[in-house]
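Work through the exercises below with the sequence and the model at hand. Each task is followed by a solution in steps.

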Amino acid sequence: NRPPFGGDLVVSPVAGTAMTTSFALRARGWTDDTEDLPLAFGFAYRVVVAAPSTAAANASASSSQVSNLTEPLSDFVKSTDLDVFLPPGTIELEVTVTDFYGARDGAFATAEVSRPSDLTCEDIEAVLADADVAVGTGAPATTKQLLAALASVTGGLECAFNASVSAAGRRRLQAGNATAEATQGFTELALELAGEAQGASATTSTSLAQGASTVGAVLRNAGALGPAAQQAGIA
């Protein structure tokens with residue numbers, strides 16, 4: 001049983017910005033002997049080179065950007081296409097293609113993802129709102145991708161957000177367990193959204209790995225802000 005053959009992986013665009021650019025991954029041309037079909041496609045990435053840090057991100061750039069670990073982007077599915085948000089850096093993307101009997105091959109592509117310039121608390125709140133919407137519209141993997149990318153670029157920027165940004169916060173407001181003036185720090189809110197996304201995900205090894213990776217990125221960012229900010233509820 002020979003593995004799948006004849007295909008490649010294409011990413012478009014090949015350069016973009018973390019949190020705002022959606023990268024389209026396309027596994028094209030893969031085939032196999034008829035008796036070995038159908039094929040299944042699993043996508044993943046790893047950060048090869050960290051993106052240059054901005055002044056606001058200097059504190060966390062050395063500790064949180066390059067893990068050299070392969071992070072899964074999807075389970076093995078029949079679809080050859082996947083749209084994703086990526087963290088900043090030189091990103092190596094991978095598709096693994098397996099046939100009915102488990103024989104596999106794969107291909108790689110590279111994307112350059114830059115940090116957003118002049119990131120503000122309003123920008124961060126907008127991405128958090130997008131992450132919240134993604135959970136509510138059945139795209140929890142997108143929520144995790146946005147949170148992981150966001151955690152990797154906020155660095156030392158300290159913000160407080162209204163509780164209404166997240167569905168969980170809105171539930172607390174409606175139940176009278178929070179006031180309209182209530183605020184949350186980035187780490188608290190990001191972890192809350194990560195929990196919502198995990199709860200909305202299928203229980204697979206890939207979704208669990210994505211959840212753990214997202215939480216790890218958020219907590220590494222919290223560590224970069226330091227104890228004073230964490231105690232103040234900013235981290």
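Axes are lines fitted to C-alpha atoms, for helices over the stretch in contact, and angles run from 0 to 180 degrees between N-to-C directions. Helices (H or I, at least four residues) and strands (E, at least two) are DSSP runs, numbered from the N terminus. The model is predicted: local features need pLDDT of at least 70, side-chain atom pairs count only at pLDDT 80 or more, and totals for chains, interfaces and linings use all residues. Residues are numbered from 1 along each chain as its sequence is written, and side-chain values use heavy atoms, with hydrogens and water left out.

**Exercise 1. Classify the packing of α2 against α5 and against α3.**

Step 1. The axes of α2 and α5 (residues 186-199) come within 9 Å and cross at roughly 15°. Angles under 35 degrees count as roughly parallel, over 145 as roughly antiparallel, 65 to 115 as roughly perpendicular and the rest as oblique. α2 and α5 are therefore roughly parallel to each other.

Step 2. For α2 (residues 121-136) and α3, the axes come within 7 Å and the crossing is at roughly 160°. This pair is therefore roughly antiparallel.

Step 3. A crossing is left-handed if the near helix is turned anticlockwise from the far one by less than a right angle, and right-handed if clockwise. The crossing of α2 and α5 is left-handed; that of α2 and α3 is left-handed too.

**Exercise 2. Trace the sheet of 5 strands and explain why β2 and β5 stand at its edges.**

Step 1. Two strands pair if DSSP finds at least two bridges between them. The open sheet has the order β2-β8-β7-β4-β5, with mixed pairing.

Step 2. β2 (15-17) and β5 each have a single partner strand, so one side of each is left without a neighbour in the sheet.

Step 3. From the β2 end, β2 pairs with β8 (residues 104-114) in the parallel sense over 3 bridges, and Ala15 stands opposite Glu112 in β8.

Step 4. β7 and β8 run antiparallel, joined by 10 bridges; Gly89 has Val113 in β8 as its bridge partner. These two strands form a hairpin with 5 residues between them, and Gly102 in the turn has a positive phi of about 95°.

Step 5. β4 (residues 40-49) and β7 (residues 89-98) are antiparallel and share 9 bridges. Phe41 is bridged to Val97 in β7.

**Exercise 3. Describe the sheet of 3 strands.**

Step 1. Its order is β1-β3-β6, an open sheet with antiparallel pairing. β1 (8-12) and β6 (81-84) are the edge strands, each pairing on one side only. The twist averages 20° from one strand to the next.

Step 2. Between β3 (residues 23-28) and β6 there are 4 bridges. Leu25 stands opposite Leu82 in β6.

**Exercise 4. Which residues are closest to the centre of the largest cavity, and which elements supply its lining?**

Step 1. A cavity is a set of points, on a 1 Å grid over the protein atoms alone, where a 1.4 Å probe fits but cannot get out; lining residues have an atom within 4 Å of a point. The structure holds 1 cavity of 30 Å³ or more. Its volume, the space filled by probe spheres set on grid points joined across faces, edges and corners, is about 150 Å³.

Step 2. Of the 16 lining residues, Tyr45, Pro72, Lys144, Gln145 and Ala148 are the closest to the centre.

Step 3. β5 (71-72), α3 (140-154) and α6 (205-225) each supply at least two lining residues. α3 gives the largest share, 5 residues.

Note on methods: 1 Å grid on protein atoms, 1.4 Å probe; cavity = no way out; pocket = protein on both sides within 12 Å on 5 of 7 lines; lining within 4 Å.
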